Protein chains: 2
Amino acid sequence: MSQANPLLVPELREMLDTNDVENIKLFCEAEHPAIIADFLSALEPVEIFEILKHTNLQLQAKIISHLTEDTQVAVVEIMGKLEIAKLLGEMAHDDRADIFKQLSKKLQNLILPALAQAEREDIRRLASYEEGTAGAVMTSDYATLALHLTTSEAVEVLRQVAPDKETIYYTYILDDNRKLLGMVSLKDIIVATKDTPLSEIIETDIAYAMVSDHQEDVAHKMRKYDIIALPVLNEDESMVGIITFDDIEDVIVEEATIDFHSLGAISQPTDGELSGIDMRDTSILLMVRKRLPWLLILVFVNIISGAGIAHFESTIQAVVALVFFLPLLIDSGGNAGSQSSTLMVRALATGQAKMSDWLYLLTKEVLVASILGLGMGLAASVLGFWRGGPEIALIVSLTMACIVVFGSLVGMSLPFLLNKLKLDPATASAPLITSLADIGGILIYFNIATYFLKDKIG
Amino acid sequence: MSQANPLLVPELREMLDTNDVENIKLFCEAEHPAIIADFLSALEPVEIFEILKHTNLQLQAKIISHLTEDTQVAVVEIMGKLEIAKLLGEMAHDDRADIFKQLSKKLQNLILPALAQAEREDIRRLASYEEGTAGAVMTSDYATLALHLTTSEAVEVLRQVAPDKETIYYTYILDDNRKLLGMVSLKDIIVATKDTPLSEIIETDIAYAMVSDHQEDVAHKMRKYDIIALPVLNEDESMVGIITFDDIEDVIVEEATIDFHSLGAISQPTDGELSGIDMRDTSILLMVRKRLPWLLILVFVNIISGAGIAHFESTIQAVVALVFFLPLLIDSGGNAGSQSSTLMVRALATGQAKMSDWLYLLTKEVLVASILGLGMGLAASVLGFWRGGPEIALIVSLTMACIVVFGSLVGMSLPFLLNKLKLDPATASAPLITSLADIGGILIYFNIATYFLKDKIG
């Protein structure tokens, strides 16, 4: 998540050139690792590596975990396999698995034997979950406590394991088969009197996720219960990890970005891609690959609009002034549709609208769209009168009202329909809605025009 | 954040009708308050009130805090002023301030005298911050510790204050003037050996926000440092509150929703409005008020398109087939523009793109757009050849390439420009970009057509 900050590039290069180990060390320790990562991001990977090697392994691991994934991989690939193995040993379990799965198969196979067996298995397992699932977001370095402990004993255990755990604020109690019995929060441990058995303060009715759950559903759940961490179970219902609040914040942002891009008619990440595209770091060719397909699909949708216009060629030839209002009318339908589809897509994504609300929301949208249509029709009648007289005013205002209602209903219904078909509602992008509204708009417009102008067309 | 769940409506009404106090109590305690809030949301406010009054005050407060703000207010307004005062006394400080500021001025003035003085001042202060700022999101029930304490003493203090504090995982150390000296985490307290002075484990170089900071900047900061809570200082640099991870998750979602709606050409919340509009709960008239302005503004932008077409009336009359390609061409410019503006707006919102990246991103976009233009031009030439022969094919493909590049650059530049002018980049909505691309597209198309077809137009 680092953002390249070029402010210290000259100083850092100077330190490297003069091999000023002392100041390099001081620099790495001077600020929060996230800030150091920002400064380092402005350098080349080999320079980052040269700087980091002068600091201790724990700090290296922390700073590296704040670099972007591309930079992480570039830096790690410069290291020797033993150095990588040592570094991975210091990293949070989710972070190291994320780096590992980005490395080349060749490098992965070189590193694995250099790792301790437990680490090797942990990395392999965490790296194996499909992107976008709870399994791919979770980390395995969570804290557990035995049910027979007292609160004082629990504090003692937590004191010892804390440095290696992602959090000790929520700890989990498992049975011998790693089945989740419940959780205790550090707050409950502190609040309970000393030597209270954990069995008295364990919360057994707790929320959890399955490894295959979609990360967006996990985010909804964690937001609903306002929790710092959510336990994750595998198919056997054994506990295999936790998802923490900071990871879910990233998920919320990432899912919103993917929806934004979908609504902007940019293709979604496909299987195996870690996340959506990134304005700054995505390569030009990948950018084209994500944008061209939808542009081409929409061309074909637009051919129908063109065919619609061709069908009414005689009407247009008789009253060319009709073309003047064409962009205005069909765009208004598209605009009203974009509004509806945006509202709908977002409401479905945040869980605010559900499939069962369909009829209620449709009724409401019909009312809203009718008022909008009335207002827009009025505006269009003024324009129509000014540019073409009363007959054109009538045609244009009537068309406007119909088009706005039509566009709104399409914009609202399509995301619902896509959701029903288990497709992503955000595929109902503004450009797609605009193109569909165009087709409807052209048919509405020229049918109304042909009806009222039939004398002139002859 | 509750979602009405109608599943238990018949049972709950049955309990109310038979005044089955025992089962009402059991129901309220049977699930997490967030779940109970979902079930209650399907009832009328007066029914919710009748059910809640049978449970204890703490649970009432918890359940109510999970209702939507509208429902909270509707339920509270049914209560007497003493009941309200007691309820507010049990609520988290940020939640009660949020409810309070939604009540009518008259009710506010009735309740204030019924509150203890400290509560009254706290509510007044928290309710006074402008929506969208750190002050409006923060809560004042954070835990502080004195610097002279040892870790063991600190644990004892935290044990006592925990029930009334939003979190005890991060505690803050202030001087006599409430200036922030630093923080200690409960993890550090637990990890340190017993009786370590807090002065040895205090972290002094910590992140904070000012009350007037924008909530989106606060979210960026908390995500950067992966922290559970961020302290908030007032103008005098005294500590006045904390913002916790769960509130910032809501901020991230809310800010994304506002940006979504802006991109969909729906007006942003104005001063005094708590947040963006809500597909399900916003009134029809407010919905119209949020949607109509942009539709009307875009009508006026589209008049320019119409005027452009009128200007080329002779070209159109000479070769009516040109109109066939009109929606296709101008929509493609709008679509490419929507893609660019969506990418740009999101990159600016997540902090991934900065103003200083302008030249780099522009260069990149020119390259991407050129390749897209080439691809789209090729597709258009096939269509043009099929519908109108080689001359039309040339005109259409050339136009397509120019329009796609033009649309992309407008879509990318406008958000940057808006940001530079301290306006919200998301105002560069897909419909606005589409309308602007239309104007450019029409001029490009008919100029190219007029140039190549000048013999036919005569």
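Visitor: How many residues of chain A are in contact with residues of chain B?

Guide: This is a predicted model, in which local features need pLDDT of at least 70 and side-chain atom pairs count only at pLDDT 80 or more, while totals for chains, interfaces and linings use all residues. Residues are numbered from 1 along each chain as its sequence is written, and chains are lettered from A and ligands numbered from 1 in the order in which they are written. Two residues are in contact if their C-beta atoms, placed from the backbone, lie within 7 Å; by that criterion 92 residues of chain A touch 92 residues of chain B. Helix α19 (residues 321–349) of chain A gives the most to this side of chain A, with 17 residues, where helices (H or I, at least four residues) and strands (E, at least two) are DSSP runs, numbered from the N terminus.

Visitor: How do the residues on the side of chain A that touches chain B divide by class?

Guide: Ala, Val, Leu, Ile, Met, Phe, Trp, Tyr, Cys and Pro count as nonpolar, Asp, Glu, Lys and Arg as charged, and the others, Gly among them, as polar. On that side of chain A there are 54 nonpolar, 21 polar and 17 charged residues.

Visitor: How are two packed helices described?

Guide: They are described by the angle between their axes and the distance between the axes. Axes are lines fitted to C-alpha atoms, for helices over the stretch in contact, and angles run from 0 to 180 degrees between N-to-C directions; under 35 degrees counts as roughly parallel, over 145 as roughly antiparallel, 65 to 115 as roughly perpendicular and the rest as oblique. The axes of α16 (residues 245–263) of chain A and α16 (residues 245–263) of chain B come within 10 Å and cross at roughly 5 degrees, which makes α16(A) roughly parallel to α16(B). Among the residues that meet there are A:Phe245 and A:Ile252 from α16(A), and B:Phe245 and B:Ile252 from α16(B). By class, this contact has 12 nonpolar, no polar and 2 charged residues.

Visitor: At what angle do α6 and α8 of chain A cross?

Guide: The axes of α6 (residues 69–78) and α8 (residues 93–102) of chain A cross at roughly 70 degrees and come within 10 Å, which makes α6(A) roughly perpendicular to α8(A).
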